[in-house]
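Work through the two exercises below with the structure open beside you, and try each task before you read its solution.

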Amino acid sequence: MEFPPGFLWGVATSSYQIEGAVDVDGRSESIWDRFSRIPGRVVNRDTGAIACDHYRRWQEDIRLMEWLGVSAYRFSIAWPRVVPEPDGAVNQVGLDFYDRLVDGLLEAGIEPFVTLYHWDLPQYRQDSGGWTARDTAHAFAEYAAAVEGRLGDRVRYWLTLNEPWVVAHLGYRTGQHAPGLVGSGKELDVCHHQLLGHGWAAQALRAGNPDHQVGIALNLEPRLARSDHPLDLEAAAGEKGLMNRWFLDPLFGRDYPNYLVELMGWSGRVVADGDLEVVAAPLDMVGLNYYRTEVVGHPGLSDCERPAPLRENPPEITEMGWPVTPSGLGRMLGLLQEYGTKAVYVTENGSAYPDPTPKNGLIDDERRRHYLEVHLDEAARAIKGGAPLKGYFAWTLLDNFEWALGYSRRFGLIHVDFPTGKRTPKASAHWYRKTISSHRH
């Protein structure tokens, strides 16, 4: 593996998954606080009320990052800590935490990458329609301005939203994530309001400092057709388009794809004059969250109706049931090259596996280590091929609250004993530390 000088090596987390302290220092309820208390929504009725207790143990976690040798840390801000009430008043005590965190990172020589929205919407905003309401996009921009006003003198890198596809489709269509709406029919409206909020937030960030590096983190994935049958090809094109081009096209000034508008029967009534110009403001970077490539088939076809050869997912899968497909990372980096992206950061890449019983104090998570290695190999090949990849953030620093799966899945490089909060580096963390050390210039 070869990486260029200045390549950023990092780890990533999100606020609700690690912070805990959900009722401390003026923080109000988020949609995930509400969702996780509803019986049957989260495995074992787990919540993020304590999580990794990062709100209190952040200094210890910075020391772990120093030990790893990372040059950057991607974390998210909890909107309900910063603007806890519908009146829009900024809670300076809530911002104090992030102020201390940023200072601590910089003192350790670690570049802060701030994500403004990683799914923990204030519940009062959901009570007013959540992302189905245009007002939420306005409120998001005001919140972004408040955070920039406090941290913008030290933070250079900003990501507005994390994975708007997940927010829209798992939150407002399938109900697997907060706010848990099933079949609302509003998922594409939600996509548009998030992108509009991104555009207005980008304006607010640049008003604070035009030199800020502003982008958005998208989960981009290939979708391969099960066979060359026209119905399989159509199904794969639809899924791939909704996951990738539905966001990339408007972000890069191409409007929403007509074939997907027709396929989904979307009225587009929420798109007002001037919206698409706001959405398409130039991006300084794109964050790429990549985990898998899926094989897609039309549900109405049986295999005997499909022409050979049939495409199969690879046999190796993670505990999430996701196929291990590093080649897809290269495909998505190539797709971003097609759009003329200035800079790309892999802002999430990682895997969940059951951690083996420690031997001599070491958790030998070989499959997680291998997952990281093969994806970094692919990243290095993409850079050789001209991809403007500037950095890589492993997901994730700590075992954490894994959304609807609670604490039943572990993605962390650092093992967390949740009853005590004790942190223990896994073998994958030791490997990542050595890899960073051998490649940092």
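**Exercise 1: The cavities**

Find out how many cavities of 30 Å³ or more the structure holds, and describe the lining of the largest cavity by class.

Solution. In this predicted model, the structure holds 3 cavities of 30 Å³ or more. The next step is to look at the largest cavity, in which about 70 Å³ of space lies. Its lining includes Ile31, Trp32, Tyr117, Trp119 and Trp131, and also Val166, Val167, Gly171 and Tyr172, while His177, Ala178 and Pro179 are among the lining residues as well. Turning to the helices, we find that H2 (31-36) and H8 (164-172) each supply at least two residues of this lining, and that the largest share, 4 residues, comes from H8. Sorting the lining by class then gives 10 nonpolar residues, 2 polar residues and no charged residues.

**Exercise 2: A strand and its partners**

Is strand E5 (residues 213-219) largely enclosed or largely open, and which strands do bridges join to E5?

Solution. Begin with burial, where a residue counts as buried if its relative accessible area is under 20%. In E5, 6 of the 7 residues are buried, so the strand is largely enclosed by the rest of the structure. Next, consider the pairing with strand E4 (residues 157-162), which runs parallel to E5 and is joined to E5 by 4 bridges; in this pairing, Leu159 has Gly215 of E5 as its bridge partner. Finally, strand E7 (residues 285-289) also runs parallel to E5, and 5 bridges join the two, with Leu218 having Leu288 of E7 as its bridge partner.

Technical notes: Residues numbered from 1 in each chain as written. Predicted model: local features only at pLDDT ≥ 70, side-chain atom pairs only at ≥ 80, totals over all residues. Heavy atoms only, no water. 1 Å grid on protein atoms, 1.4 Å probe; cavity = no way out; pocket = protein on both sides within 12 Å on 5 of 7 lines; lining within 4 Å. Points joined across faces, edges and corners; volume = space filled by probe spheres on them. Nonpolar A, V, L, I, M, F, W, Y, C, P; charged D, E, K, R; others polar. Buried < 20%, exposed > 50% of the residue type's maximum accessible area, 1.4 Å probe, protein only. Pairing = 2+ DSSP bridges.
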